[in-house]
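Hi,

Here is the structure I promised to pass on.

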Amino acid sequence: MKRPLLILIIALLAGSALFASSYLVSRRVCEACGAQSTDNLEWLQQEFHLADADMARMHQLHDAYMPKCAAMCEQIAAKKMELDSALSGATNLTAGAKEKLTDLAMLRSQCQAQMLEHFIEVSRAMPPAQGQRYLSEMERLTLGAHEATEQTMSAHDHTGHVHGGN
Amino acid sequence: MKPENPNSDAALGALLRKARSTPSLPPRFQEGVWRRIEESEITAASPAVGWLEALTAWAVRPRFALAVAVMLICAGSLTGIRVGNQARQQDAQSRYLASVAPNSLR
């Protein structure tokens, strides 16, 4: 009774070890292949199956967008620093701090609008079906994150206050 | 030739029986015999044990073991490749997203 059971257990363990080791090795190799790439636009080619000509256009659009994005990021960072200094040591929200908050929100929405314009431009440079998919995916990944947070807040709200209720 | 003497044959027989050595049994022989009988009865009575033995005998056949090993390596590699590709895709997506959308806007 004991010997066959022991043999079966050893066989099962050996099989599991074989499966796990081949899984880990192939996964590591696969991940290492991807880690070598430094192209930030690689995902576009992988996900939307773009041709080289399309990718050249993507690189152009991306390169044109980056300085605008960097400038906006600098403005946001500067405004955040201003807000931080206005809030540091304060025990109440001053009019100056409120103004900085409004400015920051404005800058963020401008940045968001600029980002969406870039996404739309990129989507137009793709084949129509892929462009549509890209746009909805980017909206989900960028704007959708806020919606998810708001929905989480609504779900955990115990005060009866509901965001976005009808 | 001497006539046969039945009395002497009987005496000889008795003498031979006496002379035959009876080897001493190993220690706890009887206990061992009973244990084996009990084990064989249990094995015969339990279908699970027979099934287990049959399965083990089937599993340790070299051809079957080799086929299973190859299958496990293939399945493990394919799963690893699939998961690795997903992770790579996810990484590439994160890199693209980080380059076009600042964290503060996500």
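B:Arg95 and A:Glu42 form a salt bridge, with 3.0 Å between the closest N and O atoms. By salt bridge I mean a side-chain nitrogen of Lys or Arg within 4 Å of a carboxyl oxygen of Asp or Glu. Across the interface of chain A and chain B, the rule finds one salt bridge. Please keep in mind that this is a predicted model, where local features need pLDDT of at least 70, side-chain atom pairs count only at pLDDT 80 or more, and totals for chains, interfaces and linings use all residues. As for bookkeeping, residues are numbered from 1 along each chain as its sequence is written, chains are lettered from A and ligands numbered from 1 in the order in which they are written, and side-chain values use heavy atoms, with hydrogens and water left out.

Back to A:Glu42, which sits in helix H2 of chain A. (Helices, H or I with at least four residues, and strands, E with at least two, are DSSP runs numbered from the N terminus.) Is A:Glu42 buried or exposed? A:Glu42 has a relative accessible area of 17%, so it counts as buried. The cut-offs are under 20% relative accessible area for buried, over 50% for exposed, and partly exposed in between, with a 1.4 Å probe and protein chains only. The side chains of A:Glu42 and B:Arg95 also make a polar contact, at 3.0 Å. That term covers a pair of N or O atoms within 3.5 Å; within protein, one must be able to donate a hydrogen and the other to accept it, and residues adjacent in sequence count only if both atoms are side-chain atoms. If you leave aside neighbours within four places in sequence, A:Glu42 is in contact (heavy atoms within 4.5 Å) with A:Ser37, B:Ala92 and B:Arg95.

Now for the interface as a whole. Chain A brings 44 residues into contact with 34 residues of chain B. The size of an interface is often given as the accessible area lost when the parts come together. Between chain A and chain B, the buried area is about 3400 Å², and carbon and sulfur atoms give 70% of that. This is the accessible area (1.4 Å probe) that two parts lose on being put together, summed over both. Seven residue pairs are in polar contact between chain A and chain B, both at pLDDT 80 or more. On the side of chain A that touches chain B, helices H1 (2-35), H2, H3, H4 and H5 of chain A each supply at least two residues. Which helix gives the most to that side? H1(A) does, with 15 residues. The residues on that side of chain A divide into 24 nonpolar, 13 polar and seven charged. Here Ala, Val, Leu, Ile, Met, Phe, Trp, Tyr, Cys and Pro count as nonpolar, Asp, Glu, Lys and Arg as charged, and the others, Gly among them, as polar.

Over all chains, the count comes to nine. One of them joins A:Arg133 to A:Glu47, with the closest N and O atoms 3.0 Å apart. A:Arg133 lies in helix H5 (residues 128-155) of chain A and A:Glu47 in helix H2 (residues 42-48) of chain A, so this pair ties together parts that are 86 residues apart in sequence. Both residues are partly exposed: A:Arg133 at 34% relative accessibility and A:Glu47 at 22%.

Another salt bridge links A:Glu82 and A:Lys100, at 3.2 Å between the closest N and O atoms. Since A:Glu82 lies in helix H3 (residues 52-87) of chain A and A:Lys100 in helix H4 (residues 95-125) of chain A, the pair ties together parts that are 18 residues apart in sequence. A:Lys79, A:Glu82, A:Lys100 and A:Asp103 are linked in a network of salt bridges.

A:Arg140 and A:Glu137 meet in a salt bridge too (2.9 Å, N to O). These two are three residues apart in helix H5 of chain A, so about one helical turn separates them.

Last, the chains themselves. Chain A has five helices and zero strands, and 28% of its 166 residues count as buried. Chain B has four helices and zero strands, and 17% of its 106 residues are buried.

Cheers
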